[in-house]
Amino acid sequence: MLYRTFVLCILVRNTWSSSWKSEVEEGSKVHFPPWFKFGSATASHQIEGAWNASGKTPHIWDVFAHTVPGAISDGSNGDVACDSYRLWREDVKMAADLGLDFYRFSISWPRILPSGFPNHINEEGVRYYRELMDGLLEVGIEPVVTIYHWELPQSLQDLGGWTNPLVVDWYADYARVLFTLYADRVKTWITLNEPMVFCEATYTLGSHAPGILSPGIGNFLCNRHALLAHAKAWRIYDQEFRHKYHGKLALTNNLLWFEPDEGHGDEVAELVRELGAGMYSHPIYSKEGGWPPVIEKIIAERSRRQGYPKSRLPPFTKEEIKFIRGTYDFYGFNYYTARLARWAKPGEVLGKWPHFGTDELNISLVVKPEWKKSPLDWFIIYPEGIRRQMKWLKRKYGNIEIFIMENGLANIDPRLDDTDRVDFYREHLRQVLLSIYEDGVNVTGYTAWSLMDNYEWIDGYHSKFGLYAVDFSDSERRRTPRASAFYYSSVVRTGSLVLPATYTSYTASSSKNALSYITIVINFMLALSLIK
Ligand code: GAL
């Protein structure tokens, strides 16, 4: 009966809306090209647990959560998280049930190298990831591996972490170990996840592990070393592994999309784009390499005025510029939210994330009142931003391949009928389609963050991003598909944003009741959303 309502509603909606009708008839705007890949993602610390098991040593997030009072909003830690170190077969099963082309996960540095260095390779850790990769490959899912998703071994943090220039070699040695172990299985590598976040949230805001407040100094050192480390790993792969394994590597950047506030020109937005995106992209993707010139100049002048003998943003040498430039095979892009940029008022306090050192530019970030809000104050929903950001990347760096490595919505309640998340995915994917068909952007893949609810860094278990809900009070960490899992699975399997009326093929292993409930909810919800 509900199915019939749903089909009827689609028909009514198609007749009523000429634009929708023509989109459907053209068959282009709701269908992804056949080569487009869909996946979902997690990160080791957010799901694995087993924080001190099987030879793993502590990393900066273990220590941060265990020792810094108030560091994590709900006082929790990632000691058990989704228990995926034990339950990884369930994760593979979920990825298979969704029909994913690939599953993006990360490797925990201290699980492979307990001392931080390759003097000892932890066989149990090596086996864990090998089994996970093989489990995925057996069901036809490509493993996409993040080498560094924020888990610096504490032993290396004690030596200065990302502010110590030697981190470039420490990281490159670790990356070489992973290439040696897994390059036969892994063809897509992410060198670093969101250096902008791990440098700025750590050093500019002091809010991420290891929580060292050093604005204007630590963040620039970290930025510099992260780019050199990435480049070194890329070059190692390029020289030693590519000819045999033919893989692809890039870092992935979390780009907030910026538009000018009313009454302000695009200049202000462009400047903050150069600070957010440019500082982590220009050295790699631009023709000339090096820091974005406009930012380099501003920081040098400010440093001089502040009495520093040199710029706080350490310049790259000519050799370093050359070394970093061109070290990519695609552009990894994570997208969540957007802001308006305007010149700050005198004495204005700029506040916390997503402000990230914009005081260097005297720029304040605000929210457009019409933009949709999520239950989390930082998370404003602006689907057009994903398209506009990709258009910007194309304009700045040419028509490089872009791979969306994260996009998803946080909620705070665990409900299964997550209609807001279904809307979020559909609206963002529609913008991706427009990027492909209208803007000619070379975007080839999309990754839903996240496969399941997990440990959301400083927000603990409060924020829920999962296609699957996880019951953290259950010792078996029961995973249950949400309506969004059902919807995303349909998109993945059909390559279309329209849920087929006959779509019943999704079979999750979890609760049958939950599934039929979700089926009803999603059909009803889609019917409603299609006629609105
Ligand atoms: C990204 C991060 C992910 C996840 C996501 C949701 O910045 O890479 O690990 O936490 O945000 O907030």
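Colleague: What volume does the largest pocket have?

Modeller: First the term: on a 1 Å grid over the protein atoms alone, a pocket is an open set of points with protein on both sides within 12 Å along at least five of seven lines. Its volume is the space filled by probe spheres set on the points, which are joined across faces, edges and corners. Here the largest pocket has about 820 Å³. This is a predicted model: local features need pLDDT of at least 70, side-chain atom pairs count only at pLDDT 80 or more, and totals for chains, interfaces and linings use all residues. Residues are numbered from 1 along each chain as its sequence is written, and side-chain values use heavy atoms, with hydrogens and water left out.

Colleague: Which residues are closest to the centre of that pocket?

Modeller: Lining residues have an atom within 4 Å of a point. There are 36 of them, and His208, Trp353, Trp378, Glu456 and Ile458 are the closest to the centre. By class, the lining has 18 nonpolar, 11 polar and 7 charged residues. Nonpolar covers Ala, Val, Leu, Ile, Met, Phe, Trp, Tyr, Cys and Pro; charged covers Asp, Glu, Lys and Arg; the others, Gly among them, are polar.

Colleague: How do I read two packed helices?

Modeller: Use the angle between their axes and the distance between the axes. Take helix 5 (residues 84-98) and helix 17 (residues 483-494): their axes come within 8 Å and cross at roughly 60 degrees. Helices are DSSP runs of H or I, at least four residues, numbered from the N terminus. Axes are lines fitted to C-alpha atoms over the stretch in contact, with angles from 0 to 180 degrees between N-to-C directions. Helix 5 and helix 17 are therefore oblique to each other. Oblique is what remains after roughly parallel (under 35 degrees), roughly antiparallel (over 145) and roughly perpendicular (65 to 115).

Colleague: Which residues meet there?

Modeller: Ala96, Asp97 and Leu98 in helix 5 meet Ala485, Ser489, Val492 and Arg493 in helix 17. Contact means heavy atoms within 4.5 Å.

Colleague: And aromatic pairs?

Modeller: Read the distance of the centres and the angle of the planes. Rings of Phe, Tyr and Trp (its six-membered ring) pair if their centres lie within 6.5 Å; planes under 30 degrees apart are stacked, over 60 edge-to-face, the rest tilted. The whole structure has 46 such pairs. Tyr85 and Tyr128 have centres 4.5 Å apart and planes at 45 degrees, so the pair is tilted.

Key. Helix = DSSP H or I, 4+ residues; strand = E, 2+ residues; numbered from the N terminus. 1 Å grid on protein atoms, 1.4 Å probe; cavity = no way out; pocket = protein on both sides within 12 Å on 5 of 7 lines; lining within 4 Å.
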